Amino acid sequence: MWLRIRVSLAAAACLALCFPACQQQEAPPYKGYKMAPYTVKGMRFVPMNVEQALRYDMVGIASHYEARGAAGAIGQRLYKGQLYAAHRTLPLPCVARVTNLENGLSCTVRIADRGPYIAGRLIDVSSEVAQRLKFHHRGLARVRVQVLSVGDGPYKRTR
């Protein structure tokens, strides 16, 4: 009888340890800002520091993408309809104003992902942002990107 109880307890312990691993879980929360260097396709990227990011004001080409529920670089799930963007070297997360220089429309976005990795592109925005900026059907637009804040909660720093 004691053997049967021990086997049952051992089986229950194995299930308790294995079952959570089978469930899809969110990435653990980041502490402060995500600024660690990283490598993609053999290219090394070194994110700028918070002070540099707060002065960031650049003009370049924007493209758009849809993450379809995938986790961004800080673990946040990115879904259709959200106002998010990807940038190669800004610390994550950031909030930035993206302005379409052709028509003057602008949108505030949360930069929570890395990219774009196509030469000549400054930022990837969600399809929702591209629609609001009226370049969704063209695919690319000349934009101005201005960082408004870096970080969340107690780590948040504003311009």
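Mentor: Before we start, helices here are DSSP runs of H or I with at least four residues, strands are runs of E with at least two, and both are numbered from the N terminus.

Trainee: Good, so what pattern does the protein follow along the sequence?

Mentor: The order is α-β-β-α-β-β-β-β-β-α-β-β, with 3 helices and 9 strands in the protein. This is a predicted model, where local features need pLDDT of at least 70, side-chain atom pairs count only at pLDDT 80 or more, and totals for chains, interfaces and linings use all residues. Residues are numbered from 1 along each chain as its sequence is written, and side-chain values use heavy atoms, leaving out hydrogens and water.

Trainee: Where is confidence lowest, and where is it highest?

Mentor: On pLDDT, the predictor's confidence in each residue from 0 to 100, helix α1 (residues 2-22) is lowest with a mean of 43, while β8 is highest at 98. The protein averages 84, and 81% of the residues score at least 70.

Trainee: How many contacts does the model have for residues 1-28?

Mentor: Taking contact as heavy atoms within 4.5 Å, there are 7 beyond four places in sequence, and pLDDT stays under 50 over that stretch.

Trainee: Switching topic, what's in the largest nonpolar core?

Mentor: That core has 34 residues, and Leu90, Val109, Ile111, Ile123 and Val145 have the most contacts inside it. Elements supplying at least two residues each include α2 (50-54), β3 (57-65) and β8 (140-150). The largest share, 5 residues, comes from β8. A nonpolar core means buried Ala, Val, Leu, Ile, Met, Phe, Trp, Tyr and Cys residues joined through side-chain atoms within 4.5 Å.

Trainee: Which residues does isoleucine 123 touch?

Mentor: Leaving aside residues up to four places away in sequence, its partners include Ile61, Ala85, Val98, Ile111, Val143 and Val145.

Trainee: Val98 again! What is the bridge partner of valine 98 in β6?

Mentor: Cysteine 107. β5 and β6 run antiparallel, joined by 6 bridges; strands pair if DSSP finds at least two bridges between them.

Trainee: How do β4 and β6 run, parallel or antiparallel?

Mentor: Parallel, with 3 bridges joining them. Alanine 86 has aspartate 113 as its bridge partner in β6.

Terms used:
Buried < 20%, exposed > 50% of the residue type's maximum accessible area, 1.4 Å probe, protein only.
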